[in-house]
Amino acid sequence: MRSSLIDIFDDNKTAIIAEWINSVKTQISAMYANRPEDEITATVTEAYESFICALFNNDFSHINRFIEKITRMRLTAGFPLSDVQMAFEFFRSISIPLLVKKTTGDDMEDAIISINHCLTHTVHRFSDLFQSMQQEKILKQNQLLEEQVRIRTAELKESEQRYKILVEEINDGFFVIHDEVLVFVNSATGLMHGYQPSQMIGQKFYNFVEPRHHKKVLAAYYRNLATNDPLPMLEYLRITRNGECYPTEVFSKATEWDGRLSVIGICRDITARVQLEQKIRESERMADIGRMTTSLSHEIRNPLSAVQMNLQILKKNPLLQGNDQKRVDISVREVKRLEKILQELLDFAKPIRLNVKEESLNELLLSSIELLEMKIESENIVLKTDLDPNIPLMHIDGQLLVQAVLNLLLNAVEASTAGRKILLRSQYDKEIGEMVEIVVSDDGQGIPEDVISEIYKPFFTTKARGTGLGLNNVKRIAEAHRGRVEVQNVHPHGACFTIQIPVQ
């Protein structure tokens, strides 16, 4: 059997390799289709010869070396695990039908078992090595993220210290209260509240305090009157003349003023300090998320890859028909959805790095539409475009911007019902400082006002199925381009998202 089997593969080597190359180029993904022809030819030929050594000489050293080589190549190029697994599987799908024609009985059974054993070894070893290298890559990315967080935290703390020194060198607000009435305020106090000092004198002091903080500020005032010792620093929200509220800290003490027992105090605006503290907490939270994501990828991706591989093998079983085939298809689809969710978490955990080159923004927007064309048609939704032809070539990361626009278009599709319209518009507006706008609007239900300020927060979502990272990713991509993203509800219904990025 062994010699006849060798003859079969020798006689059909050229045909097998040619069909394998064609399958890799046409049946997997655009990433394979775009690889150079000579690279695909070389890797397929090397894989074939390595498989032959394993099949007929029981020598797996060649295939093991090839697995390590192809793993590094495909991981560096950003290939999904499933794509490379499928490329290996073509050897099985091409060679087994050939053996069925050329062999019979025990010879055919032994040959198929040998091929399955070889492919099982290859896919398992490749999957383990791919996951190991991916894990190492993620760990390095997280280490880089942690270092950036550490540096940023140090910068924020240094900035906070400078702010405190600056506050100590300027005039703080000073006030005097008698019988709950302001009897003296300095210019700094008036400036903090948006009034002239004379406009505040004679007013109840709590009229300049946010109503929710009235109780604790009044309690502190009367504790002052009951003791001669200064009270600890108190934080509250002050109200300015235009109705805005800002965080404020106050130091106060009871003393005699103009022959009467009064409370004197110094107030300071601490808005900048509070914002710095929030940024520090956010930096620390991002580091925690990065570590958590690393752990999740290790715990989830390995079993997920095994499930996917076995489903792919099971799907090729000719005895699987009807509802059983549908159940396998559903399982494969759900595994891919889980992989997409996991990839979103990994993308969120690592910082955005721009790969900038000169590109046409309108062409990128049109390519975004092409990617969603089938989905838009299946949902019976009308997509209109209004692209400004005057937009110059821009130095941007086209892949990331397409990703951001796709997120907004998918959200618009999900928010729309059959027959509704979606608008994709671009505009070059010199009046807003050499900025280009990308607008995606729909006429769906709009965004509830009570959550519109929350939609960019990581993991916030109103959908039953979703990670809540899509709009956060849009915001990060816009800011990486030194731009911003805005949203507003439009009359009579619908939502409008606008990405603004500078031309330069």
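The protein chain exposes about 27600 Å², of which carbon and sulfur atoms supply 52%, with accessible areas taken from the Shrake-Rupley method using a 1.4 Å probe and, for residues, counting only the protein chains shown as cover. The structure is a predicted model, in which local features need pLDDT of at least 70 and side-chain atom pairs count only at pLDDT 80 or more, whereas totals for chains, interfaces and linings use all residues. Residues are numbered from 1 along each chain as its sequence is written, and side-chain values use heavy atoms, with hydrogens and water left out.

The secondary structure of the protein chain comprises 15 helices and twelve strands, both being DSSP runs numbered from the N terminus (helices H or I, at least four residues; strands E, at least two). Of the 504 residues in the protein chain, 44% are buried, where buried denotes under 20% relative accessible area, exposed over 50%, and partly exposed the range in between (1.4 Å probe, protein chains only). Among contacts in the protein chain with a separation of 6 or more, 67% are accounted for by residues 24 or more positions apart, a contact being defined by heavy atoms within 4.5 Å.

Side chains of opposite charge can pair when their charged atoms come close. With a salt bridge taken as a side-chain nitrogen of Lys or Arg within 4 Å of a carboxyl oxygen of Asp or Glu, the count comes to 18 salt bridges. One of these joins Lys69 and Glu46, whose closest N and O atoms are 2.8 Å apart; because Lys69 belongs to helix H5 (residues 61–76) and Glu46 to helix H4 (residues 37–57), the pair ties together parts that are 23 residues apart in sequence. Lys69 is partly exposed at 39% relative accessibility, and Glu46 is likewise partly exposed, at 28%.

A salt bridge between the side chains of Arg92 and Glu89 (2.9 Å, N to O) lies within helix H6 (residues 81–102), where the two residues, being three positions apart, are separated by about one helical turn. Arg92 is buried, with a relative accessible area of 13%, and Glu89 is buried at 7%.

The side chains of Glu235 and Arg273 also form a salt bridge (2.9 Å, N to O). Since Glu235 is located in strand S3 (residues 234–239) and Arg273 in helix H11 (residues 271–315), this pair ties together parts that are 38 residues apart in sequence. Glu235 is partly exposed at 35% relative accessibility, whereas Arg273 is buried at 11%. Through salt bridges that share partners, Asp172, Glu235, Glu249, Arg268, Arg273 and Glu277 are joined into one network.
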